[in-house]
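Let us take a walk through this two-chain model together. Have the sequence and the coordinates open as you read.

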Amino acid sequence: MKNILGFILGIIVCLIIVEAYVSNSFVMDKYINDYDPEVGRIRRANTEYVKFNEGFGIGKVNNLSYLNKEFAIEKSENTIRIALMGDSYVESFQVFDRNYFGRIMENILSEKLNQTVEVMNFGRSGFDIGDCYVYYNTFVKKFNPDYVLYIFGADDFKTRSSEPLLPIISFQGTELTIERPYIDSKYLSKLKKSEPFLKYSTLVNSMNTGRKLLKKDYILPQLFDKLYKNNEIPAENNEINNIPQITFTPEIDLILDQLEEANGIFFIRSDIYILNDKYTFNNITQVFENKEYNPHDWKIAKTTGHWNNQAHRDIGLYMAEKMEKIIRNTHGLATNNTNKHE
Amino acid sequence: MLFNSFIFLIFLGVVLPIFYLLPNKKSKNLFLLFSSYFFYGYWDWKFCSLLAISTIVDYYLGKKLFNEQREKQRKIYLAMSMIVNLGLLGVFKYFNFFVDSFSNLTSNFGYDLDFLHLNIILPVGISFYTFQTMSYTIDIYKKQLEPTNSFIDFALFVSFFPQLVAGPIERASNLLPQLHHKLAPNKEQIQKGIVLIITGLFKKVMVGDTTGRYVDQLFGNPELYKSPELLAGLVLFSIQIYADFSGYSNIARGTAKLLGVELMKNFEQPYLSTNITEFWRRWHISLSSWLKDYLYISLGGNRKGKVRTYINLFTTMLLGGLWHGAAWTFVIWGGLHGIYLAIHKAILGNRKINISYRYTGIISLLNFSVKCIFTNILVLFTWLFFRVKSLSEAKYFLSKMIYWESSELTGIFIRITLAFVLVNFLIDFFEYKTNKHTPVLLIPNFGFQYGILLVLLGTTLLYMFQSTPLPFVYFQF
């Protein structure tokens, strides 16, 4: 009996120490999500994070539930506010905020325009155009941005959210409506029960992540290392090998119409042919033409993926240049020819 | 094969039951020899031949040395052993370093020697096993050891997998006699072995590998980071290298215990040292004692006057630095430690140092703490040269420390660094206080012991499952 009690006590004492250690040293990922009935899955306010996926990012989900530098909901006078929207490329957990393309753009624009410019990071991993539309209307709109910059990849022109806790778009005739099928769903009630544990224990969150990885494709190579032979032929990466051609469905067309009306400016981050000349898409890939580095190369992690620090810098410069022209035109500001950042 | 990988745990799960079932000494040693070559060959089977060359040469030269009475001939045999072992090291580890350094020099005069640069990779653990086999022939030459008559035992001594790739660098006088008997672990060895493996894995994976992720990023792109962040990176590296190496040594010792073999301790809480001499008695003990016995003493030790003592200390540490890696940064690292040791020796005179602290009051604790912190600052400075890839990187890093720039992330970096420092200190504190690497076994309640070990193992496996194992820092040496 003494030993059983000791065993339980040993587990509790050690768990408390290890939990304090892993959560303060950030050696395991923290749960950075929250649930909001209106917005669905939202980033958890006031949560610090450290990420090692590909690069190295340290930052904070601010009090208003978006990433890093915080600006109040109410915009001050004489301030130009730019919202950045898109997927993980925009969210950019891989870099420090000071090296983030949005922050670089903000610094350059503030200096060049001699005006307060606020750039807000509303990027969310996995978001497609439909998610962006919903997120804009349910969350971003209240910040009253002067410009909303959308950055899309080739796969983002769809409206089928893979996240069960996000509102979805319903397209009826010429109307777009936002629906929330997850409310009262079993998934939500299950999440509500487990969320407190996930929120307050890094170890529980890590166990949850581990549970999701319990798949044959992951377990066997992890256990047997090079003794495990993977016979699967890797799927061809169309984004690299073939330049995809994209035609917009009426639904996407309508979304783009409405986003453009709400001060939307569109960028694409991969080489795609868009068979539609109704909208202007600024192609970010041109930034890397004639550059001697791979913008997706992460040398330390020995992998490829999202934009690296060098790419962020160049994209920041490119977007600042683009936005300077647009802002000067729309705000009627005088042109300043100094280009010291170039 | 990495200790911090699932494949090693599977390997151990296969080797141990077969080993226990084998009936006699010969079959057990033969099986361990085969397992050790498999362990080494798993990385690259081609380099098993180097291991075999070193084994065959030293086995036969050891016998020849022992049977030979003529001093001149004995010296020739010893020289042959040195030439083969140091030759392997020279070709695989130092050739390119000297060629590149020489080429840099000659390029100033218009001669390009880059064509001499060889495209070879450094075989894992070569510095460890060559030093181990060299100690065998040197000991026989010094008539301190008799050669073994069993080739299998000797081959196992050289390739014994728990300590093959990263030590502890064992002496033949300790390991060979154990291999001459039938290996059968007792209950205490099994108990301690399991605890050492679990705590070693926790240290290596949960402290060493995790700090390593920060360190790799901060040192990999220093131009992206500000002064407090880089300083945190340096502190984290000092924790990484200790947790990584001492954790690995614990796993090695634990694994050996499960096979009935006792290996020497390699670390004794070095960051609780009150001076640099004590630090070197607690840090990488198997290497520092090797350097002392075979290099420092051979150079004359402290027998030839004060000045020679200081020079000998400096030279030993300089070469010790070069042992770690073929780069000028390692030479500086070793040189700095040589200077520290020589200065401390000069201050110390003939006094002996006391290497165990006992609490006698708050003043003594304060005195101990201040000395520890001062020693750690000295050591921390040298780690910079150990970690950077080039002298220009070290210069950049130092300039960031001098021209200090604040960071908006100072708070979080302090928090992260403190978490690692405290967990490291907690482990060291219990080991220091109990003078054992298995303090958990001193808890009287078995249930409590198992509870702690279960959480440590569970957390480590959980992390290992979700991450790619980081290679052991000392593999590169």
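## Helix packing in chain B

In chain B, H3(B) meets H4(B) through Leu50(B), Ser54(B), Val57(B), Asp58(B), Leu61(B), Lys64(B) and Leu65(B) on the H3(B) side, and through Arg74(B), Tyr77(B), Leu78(B), Met80(B), Ser81(B), Val84(B), Asn85(B) and Leu88(B) on the H4(B) side. Here, residues are in contact if their C-beta atoms, placed from the backbone, lie within 7 Å, and helices (H or I, at least four residues) and strands (E, at least two) are DSSP runs numbered from the N terminus. The residues of this contact divide into 9 nonpolar, 3 polar and 3 charged; Ala, Val, Leu, Ile, Met, Phe, Trp, Tyr, Cys and Pro count as nonpolar, Asp, Glu, Lys and Arg as charged, and the others, Gly among them, as polar.

A word on the ground rules: this is a predicted model, in which local features need pLDDT of at least 70 and side-chain atom pairs count only at pLDDT 80 or more, while totals for chains, interfaces and linings use all residues. Residues are numbered from 1 along each chain as its sequence is written, and chains are lettered from A and ligands numbered from 1 in the order in which they are written.

Axes are lines fitted to C-alpha atoms, for helices over the stretch in contact, and angles run from 0 to 180 degrees between N-to-C directions.

| Helix pair | Axes come within | Crossing angle |
|---|---|---|
| H3(B) (48-67) and H4(B) (71-107) | 9 Å | roughly 170 degrees |
| H4(B) and H5(B) (126-141) | 10 Å | roughly 175 degrees |

H3(B) and H4(B) are therefore roughly antiparallel to each other, and H4(B) and H5(B) are therefore roughly antiparallel too; the term covers angles over 145 degrees. On the H4(B) side, the contact with H5(B) includes Arg74(B), Leu78(B), Phe92(B) and Lys93(B), and on the H5(B) side Ile126(B), Met134(B) and Tyr141(B) are among the residues involved. This contact divides into 8 nonpolar, 6 polar and 2 charged residues.

Val165(B) sits in the loop between helix H7 (161-164) and helix H8 (172-179) of chain B. With 25 C-beta neighbours inside 10 Å, Val165(B) counts as buried; the cut-off is 20 or more other C-beta atoms within 10 Å of a residue's own, with C-beta atoms placed from the backbone. Val165(B) and Gly125(B) are 40 residues apart in sequence, yet their C-alpha atoms are 3.9 Å apart.

## Where the chains meet

How many residues of chain B are in contact with chain A? There are 35, and they touch 37 residues of chain A. The elements of chain B that give two or more residues to this side are H1 (6-21), H9 (187-220), H17 (410-434) and H18 (446-466). H18(B) gives the most, with 15 residues. The chain B side divides into 21 nonpolar, 11 polar and 3 charged residues.

H17(B) has 25 residues and reaches 36 Å from its first C-alpha to its last, close to the 36 Å expected at 1.5 Å a residue; the expected span is 1.5 Å times one less than the number of residues. Among its buried residues are Ile412(B), Phe413(B), Phe420(B) and Asn424(B). The buried residues of H17(B) pack against H1 (2-25), S3 (47-51) and S4 (57-61) of chain A, together with H9 and H10 (227-258) of chain B. Asn435(B) follows H17(B) with a positive phi, near 60 degrees.

## The sheet and hairpin of chain A

In chain A, 5 strands form an open sheet in the order S6-S5-S7-S11-S13, with parallel pairing; two strands pair if DSSP finds at least two bridges between them. S6(A) (116-121) and S13(A) (281-283) stand at the edges, each with a single partner strand, so one side of each is left without a neighbour in the sheet. Neighbouring strands are turned by 25 degrees against each other on average, direction ignored. S11(A) (264-268) and S13(A) are joined by 3 bridges, and Phe266(A) has Phe281(A) as its bridge partner. H4(A) (129-138) lies across S5(A) (79-86) and S7(A) (147-152), running at about 145 degrees to S5(A).

S8(A) (168-172) and S9(A) (175-179) run antiparallel, joined by 5 bridges. They form a hairpin with 2 residues between them, and Gly173(A) in the turn has a positive phi of about 65 degrees.

Notes:
Two residues are in contact if their C-beta atoms, placed from the backbone, lie within 7 Å. A residue is buried if 20 or more other C-beta atoms lie within 10 Å of its own, exposed if 12 or fewer, and partly exposed in between; C-beta atoms are placed from the backbone. Angles under 35 degrees count as roughly parallel, over 145 as roughly antiparallel, 65 to 115 as roughly perpendicular and the rest as oblique.
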